[in-house]
Amino acid sequence: MPNAFLDLIYDLIFPPRCPYCDELTLRGVEACEKCAPSLDVEPHFRELENGVICCSAFRYEGVFKKAVINYKYNEHRQYCKPFALTCSRLVERLLQSDEFTVCTSVPSYHDLSGERFDQVHSIASRSAKLCGLEYRRLLRQTKRKEFQHSLGEKERCRNVKGIYEASGEDLIRGESVILFDDVVTTGSTLNACSDILLKAGAEKVVCVTLLW
């Protein structure tokens, strides 16, 4: 079935809405006309503990924080498309100076729970498609962990140790990888996942998140 038709069906089930005010909006836009000016900000760059760079769109506060919480926990699946558009803008900015070959995402607890909708995977795969890049599941979660947002900084580091692994070195070796997540706070999760990719032979890893 053609992707355009599937997208139309998806929009009928989940009508396009602005993530920041929840008003109905046009297809293919990041936000409504009222909220769009607030998106016109410079990306934030930070260096993780292992030296990998993370590029993020917005600070984890106000309407941006509320939008991501609604997407992750309150079934606002229609926010996936505008979030993917935002992330694709960040990727296109990165591609101005570097050549990346593949995109992937931080595995979620959905890998173990069997739930079908993986929020980060959905954003990452759509962003990759918008940028003309291949998306692969290069990482998997092997054990359950507590939700990071409920933990302090030291506990977050311990919480992600030993729970991820590479899906296969043959999928990773020699690739320049863009690693997606929704939010970066302490950077523990992205640090652990990017370490695995680099140890599996990735040439380079850069991280992209919606919020920091």
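Trainee: In which strand is Ser176 found?
Mentor: This is a predicted model, and the strands are DSSP runs numbered from the N terminus. On that numbering, Ser176 is found in strand 7.

Trainee: Is Ser176 buried or exposed?
Mentor: The cut-off needed here is that a residue counts as buried under 20% relative accessible area. Ser176 has a relative accessibility of 11%, and therefore it counts as buried.

Trainee: With which residues is Ser176 in contact, leaving aside its neighbours within four places in sequence?
Mentor: A contact requires heavy atoms within 4.5 Å. With the neighbours within four places in sequence left aside, the partners of Ser176 are Glu99, Phe100, Thr101, Val102, Glu203 and Lys204.

Trainee: Which residue forms a salt bridge with Asp182, and which parts of the chain does the pair tie together?
Mentor: The closest N and O atoms of Asp182 and its partner Lys72 are 2.9 Å apart. Asp182 lies in strand 7 (residues 176-183) and Lys72 in helix 2 (residues 62-73), so the pair ties together parts that are 110 residues apart in sequence. Asp182, at 7% relative accessibility, counts as buried, whereas Lys72 is partly exposed, with a relative accessible area of 25%. The partner asked for is thus Lys72, and the parts are strand 7 and helix 2.

Trainee: How far apart in sequence are the parts tied together by Glu30 and Arg89?
Mentor: Glu30 forms a salt bridge with Arg89, and their closest N and O atoms are 2.7 Å apart. Glu30 lies in the loop between helix 1 and strand 1 (44-47), and Arg89 in helix 3 (residues 80-95), so this pair ties together parts whose separation in sequence is 59 residues.

Trainee: Which of these two, Glu30 or Arg89, is buried, and which is partly exposed?
Mentor: The relative accessibility of Glu30 is 18%, so Glu30 counts as buried. For Arg89 the relative accessible area is 35%, which makes this residue partly exposed.

Trainee: How many salt bridges does the structure hold?
Mentor: Side chains of opposite charge can pair when their charged atoms come close. Counted over the structure, the salt bridges number 9.

Trainee: What is the distance between the closest N and O atoms of Asp118 and Arg137?
Mentor: Asp118, at 4% relative accessibility, counts as buried, while Arg137 is partly exposed, with a relative accessible area of 41%. These two residues form a salt bridge, and the distance between their closest N and O atoms is 4.0 Å.

Trainee: What is the distance between the end C-alpha atoms of helix 5, and what span should one expect?
Mentor: Helix 5 covers residues 119-130, which is 12 residues, and at 1.5 Å a residue they should span 16 Å. The two values agree, because the end C-alpha atoms are 17 Å apart.

Trainee: Which residues of helix 5 are buried?
Mentor: An α-helix has 3.6 residues a turn, so residues three or four places apart point the same way. In helix 5, the buried residues are Gln119, Val120, His121, Ser122, Ile123, Ala124, Ser127 and Ala128.

Trainee: With which side chain does His121 make a polar contact?
Mentor: His121 is found in helix 5 and, at 18% relative accessibility, counts as buried. Leaving aside its neighbours within four places in sequence, His121 is in contact with Ser105, Tyr135 and Arg137. The polar contact of its side chain, at 3.3 Å, is with the side chain of Arg137.

Trainee: Which residues form a nonpolar patch on the surface, and what is their accessible area together?
Mentor: One member, Ile9, lies in helix 1 (residues 3-13) and is partly exposed, with a relative accessible area of 33%. The patch is formed by Leu8, Ile9, Leu12 and Ile13, and their accessible area together is about 380 Å².

Notes:
Residues numbered from 1 in each chain as written. Predicted model: local features only at pLDDT ≥ 70, side-chain atom pairs only at ≥ 80, totals over all residues. Heavy atoms only, no water. Helix = DSSP H or I, 4+ residues; strand = E, 2+ residues; numbered from the N terminus. Expected span 1.5 Å × (residues − 1). Buried < 20%, exposed > 50% of the residue type's maximum accessible area, 1.4 Å probe, protein only. Patch = residues over 30% accessible without salt bridge, like charges linked within 9 Å, V, L, I, M, F, W, Y side chains within 5 Å. Areas by Shrake-Rupley, 256 points an atom, 1.4 Å probe, with all protein chains shown as cover. Salt bridge = Lys/Arg side-chain N within 4 Å of Asp/Glu carboxyl O. Polar contact = N/O pair within 3.5 Å; in protein donor to acceptor, adjacent residues only side chain to side chain.
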